[in-house]
Amino acid sequence: MPGTRVREPSPAVTMLQPLIEFLCTHSPYSSVPPTQIAFLAKRLQSRYYARGQPVAADGGLCIVRRGRIALSASDATTLEAGATLLGPCQGIAATDTLCLELDADGFDALGRQAPDLARALADAGLPRSRPQQPD
């Protein structure tokens with residue numbers, strides 16, 4: 001139709017799209033409205049951990065984007081891409097690992113602004129890491 005303008009997505013939304021798609025392919029994010037996933041995606045911070053480095057996201061949320069996290073040096077349990085830890089997130093990078101993290105303040109805001117997502121996280125039975133024990 002002449003004179004009709006097509007609204008292009010904002011650059012911020014376009015840049016977040018791969019992250020939103022990643023989250024939507026993993027539980028519990030796949031069951032949450034996309035607007036709430038976008039709310040989360042805007043607030044996540046990427047952080048790289050070298051193999052053997054402690055992983056901590058004190059009181060918040062930690063999502064494995066690439067790599068693996070061991071819950072402890074003496075435990076064979078590892079979390080792979082898409083897995084989520086609720087804080088305090090403590091573990092050890094079993095491989096070079098990229099995580100998506102949300103601090104405690106951001107996690108509190110998530111509960112207020114994205115209640116379906118906060119409820120899904122609470123109901124998912126996600127692992128909560130244990131403090132590291134000396135070997």
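Guide: A term to start with: two strands pair if DSSP finds at least two bridges between them. Helices (H or I, at least four residues) and strands (E, at least two) are DSSP runs, numbered from the N terminus. This is a predicted model, where local features need pLDDT of at least 70, side-chain atom pairs count only at pLDDT 80 or more, and totals for chains, interfaces and linings use all residues. Residues are numbered from 1 along each chain as its sequence is written, and side-chain values use heavy atoms, with hydrogens and water left out.

Visitor: Which residue is the bridge partner of Cys62 in S8?
Guide: S3 is also joined to S8, antiparallel, by five bridges. In S8, Cys62 has as its bridge partner Glu101.

Visitor: What is the strand order of the open sheet that contains S1, and which are its edge strands?
Guide: The sheet has four strands with antiparallel pairing, in the order S1-S8-S3-S6. S1 and S8 contribute five bridges to it, one of them between Arg47 and Cys99. Pairing on one side only marks the edge strands, S1 (45-49) and S6.

Visitor: Which helix packs on the sheet and touches S3, S6 and S8, and what angle does its direction make with that of S8?
Guide: The helix touching S3, S6 and S8 is H3; contact means heavy atoms within 4.5 Å. Axes are lines fitted to C-alpha atoms, for helices over the stretch in contact, and angles run from 0 to 180 degrees between N-to-C directions. With S8, the direction of H3 makes about 60°.

Visitor: Why is one side of S2 and of S5 left without a neighbour in the sheet?
Guide: Another open sheet of four strands, again antiparallel, has the order S2-S7-S4-S5. S2 (54-56) and S5 (78-79) are at its edges, so each has a single partner strand.

Visitor: Where do the buried residues of H4 lie, seen down its axis?
Guide: Buried means under 20% relative accessible area, exposed over 50%, partly exposed in between (1.4 Å probe, protein chains only). In H4 (residues 115-123) the buried residues are Leu117, Ala120 and Leu121. They fall within an arc of 100° (taken from the directions from the helix axis to the C-beta atoms), so they line one face of the helix.

Visitor: Which exposed residues does the opposite face of H4 carry?
Guide: The buried side packs against H2 (34-43), S3 (61-66), S6 (84-86) and H3 (104-113). Turned away from that side are the exposed residues Ala122 and Asp123.

Visitor: How far is the backbone nitrogen of Leu117 from a polar atom of the Gln36 side chain?
Guide: Gln36 belongs to H2 and, at 11% relative accessibility, counts as buried. A polar contact is a pair of N or O atoms within 3.5 Å; within protein, one must be able to donate a hydrogen and the other to accept it, and residues adjacent in sequence count only if both atoms are side-chain atoms. From that nitrogen to the polar atom of Gln36, the distance is 2.9 Å.

Visitor: Which residues touch the most other members of the largest nonpolar core?
Guide: A nonpolar core is a set of buried Ala, Val, Leu, Ile, Met, Phe, Trp, Tyr and Cys residues joined through side-chain atoms within 4.5 Å. The largest has 23 residues, with H1 (11-24), H2, S3, S8 (97-102) and H4 each supplying at least two. Touching the most other members are Leu23, Tyr29, Leu40, Ile63 and Leu117.
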